[in-house]
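Here's a quick briefing for anyone meeting this structure for the very first time. Have a look at it below, and then we'll go through some side chains together.

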Amino acid sequence: MTRPPSLIFILRRTLKPLSPPAHTSANFIRSMATVHQLAQQGFGTGTNELYDRARPSYQPAVLSHVRSATRGTSPLNVVEIGSGTGIFTRALLAHPDWSSSINQLKAVEPSEGMRSVFTQTVKDDRVSTAEGTFDATGVEDGWADIVIIAQAYHWCPDYDAASAEFARILKPNGVVAFVWNLEDRDGAEWVAQLRDRIESEEKGTPQFRLMLWRATFSTPSYTKFFDPPEENEWKYALPGTREIVTDRALSKSYIAVLSPDKKALVVEDIAKILDNKGGLKWMDEEKGIFEYPYGTVVVLCRKK
């Protein structure tokens with residue numbers, strides 16, 4: 001039986017309790033010194049093509065929400081930090097609210113491998129890419145209307161230094177937008193089982209779900225330069241297949257660094273989870289396409 005694809009957005013505004021800063025580190029000076037070691041390895045050369053192929057893009061409603069929060073007038077100067085292979089950049093450039101609203105987009109990414117894929121997949125004369133990190137972007141003072149960080153900020157090692165850097169490069173009334181996609185464990189039993197399995201390999205890394213990044217909002221630089229954060233969440237279902245689920249799991253940094261034997265065990269366990277079909281809902285059973293429950297969180301931070 002074939003079911004039409006479902007795409008259900010749930011929008012809610014929340015302000016959750018914030019924790020004190022977890023840790024700090026020295027500023028990045030033309031090196032990878034402040035990039036987490038597992039991120040360097042898990043997103044290193046040879047892993048980025050799978051990442052670009054397997055990871056989901058960003059929902060149109062999310063991109064419209066970020067555009068509506070931007071207080072500058074078109075054309076806009078955009079800084080994207082942790083731009084990766086360009087998944088978010090491509091979605092932004094293709095979105096009708098953004099496609100004609102961008103003056104320049106400066107993509108900042110510490111991984112050479114990711115920058116290589118980015119330059120192959122993002123073809124727009126308004127876009128440039130350079131090495132940099134959250135606290136050392138190389139962007140001039142007061143240049144940006146908006147700083148966007150998609151699927152990356154949880155790796156930040158120094159929240160206070162990053163907040164100071166965001167404030168430095170933003171224009172007055174500029175905005176920072178943090179964006180994350182994540183499998184929705186509440187959307188289906190099999191997704192909860194999948195996340196339990198792959199998250200058991202995290203090795204103590206600062207993943208988004210741990211919410212360590214919330215410490216940003218109580219740092220001296222953040223409270224000095226920014227208003228309290230505004231948070232929204234969307235939940236929806238994407239088309240999924242066994243291959244998509246497996247490849248997406250293998251694209252996680254903490255899975256990418258596993259030995260071949262351990263990766264094979266992860267793949268075997270994912271197959272068993274999908275075989276059990278816990279709460280799995282078909283979109284097109286004949287083609288093997290089912291609902292893949294997802295959520296997106298956007299946190300907006302407005303410069304004072």
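Let's begin with Arg-67: beyond its neighbours within four places in sequence, Arg-67 is in contact with Ser-74, Leu-76, Asp-97, Trp-98 and Ser-101. Keep in mind that this is a predicted model. From there we'll move on to salt bridges, nonpolar cores and aromatic rings.

- You'll find Arg-67 in helix 3, which covers residues 60–69.
- Arg-67 is buried but has no salt bridge, and the nearest side chain of opposite charge, Asp-97, is 6.8 Å away.
- What does the charged end of Arg-67 sit over? It's the ring of Trp-98, with 5.7 Å to the ring's centre.

- How many salt bridges does a search of the whole structure find? The count is 21.
- One of them joins Asp-196 to Arg-185, with the closest N and O atoms 3.0 Å apart.
- That pair links distant parts of the chain: Asp-196 is in helix 7 (residues 189–199), while Arg-185 is in the loop between strand 6 (170–183) and helix 7, eleven residues apart.
- Glu-199 and Arg-195 both belong to helix 7, four residues apart, or about one turn of the helix.
- Are these two buried or exposed? Glu-199 counts as buried at 12% relative accessibility, and Arg-195 is buried at 6%.
- Arg-197 and Asp-269 also meet through their side chains in a salt bridge, at 2.6 Å from N to O.
- Because Arg-197 is in helix 7 and Asp-269 is in helix 11 (residues 260–276), this pair ties together parts that are 72 residues apart in sequence.
- Arg-197 is buried, with a relative accessible area of 17%, whereas Asp-269 is partly exposed at 23%.
- Shared partners join Arg-185, Arg-195, Asp-196, Glu-199, Glu-202 and Arg-209 into one salt-bridge network.

**Nonpolar cores**

- In soluble globular proteins, nonpolar side chains tend to be buried together.
- Here, the largest nonpolar core has 51 residues, and Val-78, Leu-92, Trp-98, Ile-148 and Trp-190 have the most contacts inside it.
- Setting aside neighbours within four places in sequence, Trp-190 is in contact with residues including Val-245, Ile-273, Leu-280, Phe-290 and Pro-293.
- Another core, of 30 residues, lies apart from the largest one, and Val-108, Val-147, Cys-156 and Trp-180 are among its members.

**Aromatic rings**

- The structure has 18 aromatic pairs.
- One of these is Trp-213 with Phe-217, an edge-to-face pair at 6.2 Å centre to centre and 85 degrees between the planes.
- Trp-213 is buried at 1% relative accessible area, and Phe-217 counts as buried at 6%.
- The ring centres of Trp-282 and Phe-290 are 6.0 Å apart and their planes are at 75 degrees, so this pair is edge-to-face.
- Trp-282 is partly exposed, with a relative accessible area of 22%, but Phe-290 counts as buried at 2%.
- Ring pairs also link up into a cluster, whose members include Phe-134, Tyr-153, Trp-180, Trp-213, Phe-217 and Phe-226.

Terms used. Residues are numbered from 1 along each chain as its sequence is written. This is a predicted model: local features need pLDDT of at least 70, side-chain atom pairs count only at pLDDT 80 or more; totals for chains, interfaces and linings use all residues. Side-chain values use heavy atoms; hydrogens and water are left out. A salt bridge is a side-chain nitrogen of Lys or Arg within 4 Å of a carboxyl oxygen of Asp or Glu. Helices (H or I, at least four residues) and strands (E, at least two) are DSSP runs, numbered from the N terminus. Buried means under 20% relative accessible area, exposed over 50%, partly exposed in between (1.4 Å probe, protein chains only). A nonpolar core is a set of buried Ala, Val, Leu, Ile, Met, Phe, Trp, Tyr and Cys residues joined through side-chain atoms within 4.5 Å. Contact means heavy atoms within 4.5 Å. Lys and Arg count as positive and Asp and Glu as negative; His and the chain ends are not counted. Rings of Phe, Tyr and Trp (its six-membered ring) pair if their centres lie within 6.5 Å; planes under 30 degrees apart count as stacked, over 60 as edge-to-face and the rest as tilted. A charge sits over a ring if NZ of Lys or CZ of Arg is within 6 Å of the ring centre and within 35 degrees of the ring normal.
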